[in-house]
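Please read the following report beside the sequence and the three-dimensional view.

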Amino acid sequence: MAELRLQELTAQTIVAARNLALKPGQADFLQPETYVHSEQDLDPAGSWPRVVLDGDHVVGYVMGTFDPDATEEFLKAALWRVHVEADAQGAGVGRFAVKALAEEARRRGFQRLTVVWAPGEAGPEAFFQAVGFEVVGETPYGEKLGALSI
């Protein structure tokens, strides 16, 4: 991998981000039920979508949300999505994206970043734990709630 860098999501990169090829079974874990039901409560102004580039090639996508006034604590500074191209998984792309989001959260004055995921064999639990998230609870839909102290 060349040097990874972040870029704001643009009209030029959105198609590449949407077309990232995932490993078999991973698409089932892209949107936890909790997020489906919480999406309408998000302030669009707090959205933080970025692509991860390796040279000029989009290899990942990360979307966070920041809302200090959110009614739910887990929505104040949250990792909403992280997708990494199947061929780039295991090369540090996801770790790079999560670290960048955590740095942005810290810059905005937050002390923790949260994420929700559904448990399952092809799910992201091992990844989230490997980058430092600790399970701090469970959602009403049986999903894991993780937190990363920043």
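The report goes through the sheet, the nonpolar core, the aromatic rings and the salt bridges in turn.

This is a predicted model, in which local features need pLDDT of at least 70 and side-chain atom pairs count only at pLDDT 80 or more, while totals for chains, interfaces and linings use all residues. Residues are numbered from 1 along each chain as its sequence is written, and side-chain values use heavy atoms, with hydrogens and water left out.

**The sheet**

Helices (H or I, at least four residues) and strands (E, at least two) are DSSP runs, numbered from the N terminus. Seven strands form an open sheet of mixed pairing, in the order β1-β2-β3-β4-β5-β7-β6, where two strands pair if DSSP finds at least two bridges between them. The edges of the sheet are β1 and β6 (134–138), each of which pairs on one side only. Neighbouring strands of this sheet are turned against each other by 30° on average, direction ignored; the axes behind this value are lines fitted to C-alpha atoms, for helices over the stretch in contact, and angles run from 0 to 180 degrees between N-to-C directions. Within the sheet, β3 and strand β4 (residues 77–84) run antiparallel and are joined by seven bridges, and Val62 has Val82 in β4 as its bridge partner.

The loop between β6 and β7 (144–149) holds Thr139. Thr139 is buried, with a relative accessible area of 10%, where buried means under 20% relative accessible area, exposed over 50%, and partly exposed in between (1.4 Å probe, protein chains only). When its neighbours within four places in sequence are left aside, Thr139 is in contact (heavy atoms within 4.5 Å) with Thr34 and Val116.

**The nonpolar core**

A nonpolar core is a set of buried Ala, Val, Leu, Ile, Met, Phe, Trp, Tyr and Cys residues joined through side-chain atoms within 4.5 Å. The largest such core has 41 residues, of which Leu79, Leu113 and Phe133 touch the most other members. Two or more residues of this core come from each of β2, β3, β4, α3 (93–107), β5 and β7, and the largest share, seven residues, is given by α3. Leaving aside neighbours within four places in sequence, the contacts of Leu113 include Leu79, Val98, Leu101, Phe133 and Leu148.

**Aromatic rings**

Which residues are linked into a cluster by ring pairs? The cluster consists of Trp117, Phe127, Phe128 and Phe133. Rings of Phe, Tyr and Trp (its six-membered ring) pair if their centres lie within 6.5 Å, and planes under 30 degrees apart count as stacked, over 60 as edge-to-face and the rest as tilted. By this rule the count comes to five aromatic pairs. The pair of Trp117 and Phe128 is tilted, because the ring centres lie 5.2 Å apart and the planes stand at 35°. This pair links distant parts of the chain, with Trp117 in strand β5 (residues 112–117) and Phe128 in helix α4 (residues 125–130), eleven residues apart. Phe127 and Phe128 also form a tilted pair, at 5.5 Å centre to centre and with 55° between the planes. Both Trp117 and Phe128 are buried, the latter with a relative accessible area of 5%, whereas Phe127 is partly exposed at 28%.

**Salt bridges**

Side chains of opposite charge can pair when their charged atoms come close. A salt bridge is taken here as a side-chain nitrogen of Lys or Arg within 4 Å of a carboxyl oxygen of Asp or Glu, and a search of the whole structure finds four of them. The table gives three of these pairs.

| Salt bridge | N to O distance |
|---|---|
| Asp56 and Arg5 | 3.6 Å |
| Glu73 and Lys76 | 4.0 Å |
| Arg108 and Glu104 | 2.8 Å |

Asp56 forms a salt bridge with Arg5. Asp56 lies in the loop between β2 (47–54) and β3 (57–66) and Arg5 in strand β1 (residues 4–8), so this pair ties together parts that are 51 residues apart in sequence. Asp56 counts as exposed at 75% relative accessibility, while Arg5 is partly exposed with a relative accessible area of 36%.

In the pair of Glu73 and Lys76, Glu73 is partly exposed at 48% relative accessibility and Lys76 is partly exposed at 21%. Arg108, partly exposed at 38% relative accessibility, meets Glu104, which is buried with a relative accessible area of 12%. Salt bridges that share partners join Glu104, Arg107 and Arg108 into one network.
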